[in-house]
Amino acid sequence: MTRSFCIGLVLPLLLALSLSNCGGPGQSHLTPLRDAAAQVENGMAQVEAWNVDTLEAVRARVNERVGDLTWLMADSTLTFSVADGQLIGDWARVKRHLKDAPQRVNALNEQGALCTSQLSNLLGAIRSGADVDANGVAMDNVYFQRQAQNELHAVATWLAFVEDTRRLIAAGIDLENVTRAPMDSLLQAKRSEWAQHIVAE
């Protein structure tokens with residue numbers, strides 16, 4: 001048998017094995033799973049940009065002013081205008097937007113890390129041609145279809161939570177920045193009014 005004939009036999013065999021590997025169970029899910037992993041990576045970068053300490057400080061500042069306002073509003077001798085009411089409503093929205101922002105960020109970090117790990121494990125199993133999982137379940141096309149759907153659903157849910165958190169934090173921070181000075185002025189004016197009532201009595 002000549003060398004060229006041997007090579008002619010080996011090359012088609014290697015090509016056949018390569019094509020067989022490419023068509024293994026779960027191969028069709030590689031692209032959507034890789035895309036999902038990239039989306040989680042981008043989302044994690046956004047989550048990591050939110051400083052939990054800063055959010056805690058803003059929330060503490062909001063709670064302090066809301067506490068002062070609640071105390072002043074309990075005094076029936078003090079009067080509030082329509083404009084005051086609108087400002088108070090804005091401040092209530094700020095508190096609502098930011099009330100659980102730090103917890104949301106922490107939860108997103110944890111769940112994002114879990115999504116990354118799960119996707120990596122599933123991608124690795126598909127690429128390696130694994131045929132049985134840790135529980136002894138056969139890893140065939142049906143298995144990978146189910147697992148891929150589960151992971152993609154988890155990623156979609158996580159990304160929606162990231163976007164909802166982004167919207168709430170942005171709205172709360174922006175509104176707090178705009179209304180902080182007017183709120184401080186309102187509190188100062190009402191404290192002064194309260195003090196005058198005390199002196200008059």
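Guide: Val-58 touches Leu-98, Ile-173 and Glu-176 when residues up to four places away in sequence are not counted; contact here means heavy atoms within 4.5 Å. The model is a predicted one, in which local features need pLDDT of at least 70 and side-chain atom pairs count only at pLDDT 80 or more, while totals for chains, interfaces and linings use all residues. Residues are numbered from 1 along each chain as its sequence is written, and side-chain values use heavy atoms, with hydrogens and water left out.

Val-58 belongs to helix α3, residues 52–73 (helices are DSSP runs of H or I with at least four residues, strands are runs of E with at least two, and both are numbered from the N terminus). With 5% relative accessibility, Val-58 counts as buried (buried is under 20% relative accessible area, exposed over 50% and partly exposed in between, with a 1.4 Å probe and protein chains only). Between the C-alpha atoms of Val-58 and Asn-177 there are 9.9 Å, although 119 residues separate the two along the chain.

Next comes His-97, a residue of helix α4, which covers residues 82–98. His-97 has a relative accessible area of 17% and is therefore buried. Leaving out residues up to four places away in sequence, His-97 touches Leu-168, Ala-171 and Gly-172.

Leu-122, in helix α5, is buried as well, at 7% relative accessibility. Beyond its neighbours within four places in sequence, Leu-122 is in contact with Leu-33, Phe-144, Gln-147, Ala-148 and Glu-151. With Ala-148, 26 residues away along the chain, the C-alpha separation is 7.7 Å.

The volume of the largest pocket is about 160 Å³. A pocket is an open set of points on a 1 Å grid over the protein atoms alone where a 1.4 Å probe fits, with protein on both sides within 12 Å along at least five of seven lines, and a lining residue has an atom within 4 Å of a point. Grid points are joined across faces, edges and corners, and the volume is the space filled by probe spheres set on the points.

The whole structure contains 2 aromatic pairs (rings of Phe, Tyr and Trp, the last by its six-membered ring, with centres within 6.5 Å; planes under 30 degrees apart are stacked, over 60 edge-to-face and the rest tilted). The ring centres of Tyr-143 and Phe-144 are 5.5 Å apart and their planes stand at 90°, so this pair is edge-to-face. Both Tyr-143 and Phe-144 are buried.

The wider setting remains. The protein has 6 helices and 0 strands, arranged α-α-α-α-α-α from the N terminus. Of its 201 residues, 30% count as buried. Among its contacts with a separation of 6 or more, 88% join residues 24 or more positions apart.
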